[in-house]
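Let's take a walk through this one, a piece at a time. Have the viewer open and follow along.

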Amino acid sequence: MNLDWSVVWDNLPRFWDGALMTVWLSVVTMALAIPGGLVLAFMRLSKVRVVAKSATAFVEFFRATPLILQIYWIYYVLPAYFDVQLSQMTTAIVGLVCNISSFNSETFRAGIVSIRLGQWNAGRAIGMTDRQVMVRIVLPQALMRVLPAFATTWVSLFKDTSLVSIISVADLSYVSLKIRTESFRIFEVLTAMAAIYWMMGYPQAKLVDWLHRRYRVAE
Amino acid sequence: MTAGQTKHRRVSHGSAPILALEHIVKRYGALTALEDVSLNVNRGEVVCLIGPSGSGKSTLLRCANALETLDGGRILFEGREVHAGDPKSARAVRQRMGMVFQNFELFPHLTVLRNITIGPTTVLRLDPAAAEQRARTLLAKVDLSDKATAYPAALSGGQQQRVAIARALAMEPALMLFDEPTSALDPETVGEVLTVMKALADEGTTMVVVTHEMDFARRVGDWIVVFDKGRIIEEGPPKQIFETTTVARTREFLSHLGWHGESTLEAADVAPLDKEDIAR
């Protein structure tokens with residue numbers, strides 16, 4: 001096989017821009033999907049049935065359908081039938097946030113319900129409101145407990161941002177595939193793409209492992 | 001004999017009881033946990049609730065602290081009716097009533113100091129420095145000054161329970177409720193918790209204690225209430241309950257615990273546990 005790695009070196013600035021876009025998409029998505037997931041989790045735990053049910057419907061829809069379909073749907077169906085045209089970037093963010101919020105809500109909800117009733121009673125017994133107990137006692141413990149599951153979602157998100165390349169958002173995948181098409185150096189370009197994803201993704205997984213060890217709540 | 005024989009003189013200092021339960025009923029589905037229970041607690045009194053497991057003692061404490069809604073009767077605390085269903089009323093009661101749980105229920109993600117200050121700072125809006133001052137005083141009182149920065153998981157059960165007592169005291173409650181505070185403890189740490197509780201009683205703290213520690217009830221209690229199957233079957237001063245009871249069910253319960261009336265009582269007086277742990 002005749003390899004020519006110069007295609008990688010020559011296109012480094014483009015790979016760099018693509019990688020930045022991937023990081024940016026991941027960070028922005030998660031920054032919105034954490035509050036989004038919390039809101040959905042609180043809604044599902046609500047005693048008001050219609051609130052709980054609508055959150056459940058939302059979550060189950062976005063968890064049970066492929067992200068690629070969700071992105072297509074927002075990008076092509078909304079403008080055609082509902083007269084809503086979102087930009088490519090907005091489409092990407094909306095699709096990712098809805099999807100990841102759904103996964104986060106399940107993670108957070110599992111954490112919240114795993115905290116035993118005694119902790120609620122202990123908080124209430126010193127006169128706290130339920131909201132204070134939730135924010136100061138239950139949530140901090142719940143979030144630490146679900147950190148590993150949350151980290152799995154984060155790493156998935158980081159890779160799933162590649163799906164937005166189908167609507168021409170210039171993330172690492174889009175850029176890489178474009179360079180491949182231009183240069184026909186399939187092996188070199190895809191290997192570089194894999195290496196860049198791995199170099200970014202692996203330290204994140206390790207960082208979360210470390211966070212979990214460092215801040216675990218002993219009981 | 002039933003609740004009819006409750007006419008004993010008690011020290012009420014001429015004032016209304018701080019806590020009055022009037023004919024309260026509590027059901028869980030088909031199970032009746034409390035059936036027409038009436039009980040008064042006067043200021044400065046230590047009332048001990050004893051009786052078999054599942055007889056309703058702990059349920060009574062949770063009702064008093066508005067952690068459970070009632071199915072009948074009413075509860076008056078400091079002269080005002082407790083409405084567990086109304087969050088405002090419930091919080092007002094709980095702020096004035098400290099509660100100590102069987103399983104401690106310290107907040108595992110907070111240090112010992114923060115466990116004690118979180119109530120005063122979030123509920124009473126005390127400033128952090130004053131709350132910390134109060135917490136350190138209380139830690140000294142429960143003999144745990146060196147554990148202020150530790151996390152609960154690093155403490156023994158007895159130490160955790162003493163922190164839990166300090167946490168409840170930090171709210172400066174008018175009444176302390178203890179729900180089997182030593183039942184989850186290793187035998188060797190029971191004494192240190194009872195010692196703290198006895199010191200509180202000696203200071204005049206008003207306490208309601210659900211306990212299986214008959215020795216504590218006899219020595220520290222001013223008034224003993226015997227539960228069975230969700231009802232009060234007898235109440236009276238310790239001497240009546242532990243020495244001269246004529247209620248068969250009370251005698252039966254005490255004998256199951258290895259308590260055989262006066263002669264054993266004398267033997268218990270010289271048992272090492274009394275001397276070392278309680279009278280220390």
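Which residue in β7(B) does Gly98(B) stand opposite? It is Met176(B). Keep in mind that this is a predicted model.

## The six-stranded sheet in chain B

That residue pair belongs to the contact between β6(B) and strand β7 (residues 175-179) of chain B, which pair in the parallel sense over 4 bridges. Zoom out and you'll find 6 strands in an open sheet with mixed pairing, in the order β6-β7-β8-β3-β9-β10 (chain B). The edges are β6 (97-100) and β10 (231-236) of chain B, each of them pairing on one side only. On average, neighbouring strands of this sheet are turned by 15° against each other, if you ignore direction.

Helix α5 (residues 157-169) of chain B lies across β6 and β7 of chain B, and runs at about 170° to β6(B).

## A closer look at β3(B)

In the strand order, β3(B) sits between β8 and β9. On the β8(B) side, the two strands run parallel and are joined by 4 bridges, with Val208(B) as the bridge partner of Val47(B). On the β9(B) side there are again 4 bridges and a parallel run, and here Leu49(B) stands opposite Val225(B).

How many of the residues of β3(B) are buried? The count is 5 of 5, so to speak a mostly covered strand, with buried meaning under 20% relative accessible area. In a regular strand the side chains alternate between the two faces of the sheet. For β3(B), Val46(B), Cys48(B) and Ile50(B) are on one side, Val47(B) and Leu49(B) are on the other, and all are buried, which leaves both faces covered.

## The four-stranded sheet in chain B

Chain B also has an open sheet of 4 strands, in the order β2-β1-β4-β5, and its pairing is antiparallel. Here β2 (31-41) and β5 (80-81) of chain B are the edge strands, each pairing on one side only. Between them, strand β1 (residues 19-28) and strand β4 (residues 72-77) of chain B pair in the antiparallel sense over 5 bridges. If you want a residue pair to click on, Leu19(B) stands opposite Phe77(B) in β4(B).

## Chain A: helices throughout

Over in chain A, the secondary structure comes to 10 helices and 0 strands. The C-alpha atoms fill a box of roughly 70 × 50 × 25 Å along the principal axes. Of the 219 residues in chain A, 44% are buried. Among contacts with a separation of 6 or more, 75% come from residues 24 or more positions apart.

## One residue in chain A

Is Ser105(A) buried or exposed? Ser105(A) has a relative accessible area of 1%, and because the cut-off for buried is under 20%, it counts as buried. You'll find Ser105(A) in helix α5 (residues 88-114) of chain A. Leaving aside neighbours within four places in sequence, Ser105(A) is in contact with Gly37(A), Leu40(A), Ala41(A) and Val59(A).

Terms used
Residues are numbered from 1 along each chain as its sequence is written. Chains are lettered from A and ligands numbered from 1 in the order in which they are written. This is a predicted model: local features need pLDDT of at least 70, side-chain atom pairs count only at pLDDT 80 or more; totals for chains, interfaces and linings use all residues. Side-chain values use heavy atoms; hydrogens and water are left out. Buried means under 20% relative accessible area, exposed over 50%, partly exposed in between (1.4 Å probe, protein chains only). Contact means heavy atoms within 4.5 Å. Two strands pair if DSSP finds at least two bridges between them. Axes are lines fitted to C-alpha atoms, for helices over the stretch in contact, and angles run from 0 to 180 degrees between N-to-C directions.
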